[in-house]
Amino acid sequence: MNPKIKRFDGLALVGGHPALDFLNTVEYRGRAAPGDTLRSFESLVQWSALAGLVSRSEMAAMLASESRGRAQGARALSDAIALREAMYAVVVAAIKREPRPSQAIGLLERRLRRVRAGASLAYDTHNSTFSWQVKCARAYDVVARLADAADDLLLSLDAISVHQCRGPNCDWLFVDRSHGHRRVWCQPATCGNVVRVRRSRAGARRL
Ligand SMILES: [Zn+2]
């Protein structure tokens, strides 16, 4: 197991972009009952902290806020999952050059517009750069941070090379930073290894 890879509850974060890691919290959508790592509001917030989308103090503030009103956490989880699945449909359609999924794009647009409406424009005097700052204090704010990451991925999709894993029982998405952009597995040591073992067994049977 590669110690450099971050893991949440055993799940590897190998997407190369937090929004792709968010989409990869499902294993695997081709199965009748896909496994979902984000089963509670707590797991959603803790995963977001590990992925670097919220700080530890923001995580603590959101968990405290949620403990004061449980309904907000349940709504955040349900909206985060809806955002994730819409985003998945949009990204997969884009990288496979399939027709645009209008319903998913509509949901994404509404979420991203809401994030921008609640964000403030920050100026970094040291680097002379502007950026949108999305506040994160109440339980529901985690959805805004996830939408902000989704926004960043969508707007940079043409500049990066996003692939879908070709491993068996795997549909994870990842940024291919390899020379020549020919990487086909999310994790060469796992998905790639399964394929290599199958090929060598098939070869041995033919001998
Ligand atoms: Zn894979």
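Predicted model: local features only at pLDDT ≥ 70, side-chain atom pairs only at ≥ 80, totals over all residues.
**Arginine 145**
- You will find arginine 145 in helix H6.
- Arginine 145 counts as buried because its relative accessibility is 15%, and buried means under 20%.
- The side chain of arginine 145 is joined to that of glutamate 58 by a polar contact of 2.9 Å.
- Glutamate 58 is itself one of the buried residues of helix H3, which brings us to that helix.

**Helix H3**
- Helix H3 covers residues 56–68, 13 residues in total.
- From its first C-alpha to its last, H3 reaches 19 Å, close to the 18 Å expected at 1.5 Å a residue.
- Which residues of H3 are buried? They are Glu58, Met59, Met62, Ser65 and Glu66.
- Looking down the axis of H3, you would see these buried residues fall within an arc of 130°, so they line one face of the helix.
- What covers the buried residues of H3? The cover includes helix H2 (41–50), helix H4 (70–95) and helix H6 (141–156).
- Helix H6 is also where arginine 145 is found, the partner of glutamate 58 in the polar contact described above.

**The zinc ion**
- Four cysteines supply the protein donors of the zinc ion, each through its SG atom: Cys165, Cys170, Cys186 and Cys191.
- These donors lie 2.3 to 2.4 Å from the zinc ion.
- The site is tetrahedral, with angles of 107 to 116° among its 4 donor atoms.
- Along the sequence, the donor residues follow the spacing C-x4-C-x15-C-x4-C.
- Both cysteine 165 and cysteine 170 are buried.

**Phenylalanine 130**
- Phenylalanine 130 is part of strand E6, which runs over residues 129–133.
- Is phenylalanine 130 buried or exposed? Phenylalanine 130 counts as exposed because its relative accessibility is 59%, and exposed means over 50%.
- Not counting residues up to four places away in sequence, phenylalanine 130 touches Leu121, Ala122 and Tyr123.

Notes: Residues numbered from 1 in each chain as written. Heavy atoms only, no water. Helix = DSSP H or I, 4+ residues; strand = E, 2+ residues; numbered from the N terminus. Expected span 1.5 Å × (residues − 1). Buried < 20%, exposed > 50% of the residue type's maximum accessible area, 1.4 Å probe, protein only. Arc of directions from axis to C-beta. Contact = heavy atoms within 4.5 Å. Donors = N, O, S within 2.8 Å, 3.2 Å for Na, K, Ca; no water. Tetrahedral: all angles 85-135°; square planar, octahedral: opposite > 155°, others 65-115°. Polar contact = N/O pair within 3.5 Å; in protein donor to acceptor, adjacent residues only side chain to side chain.
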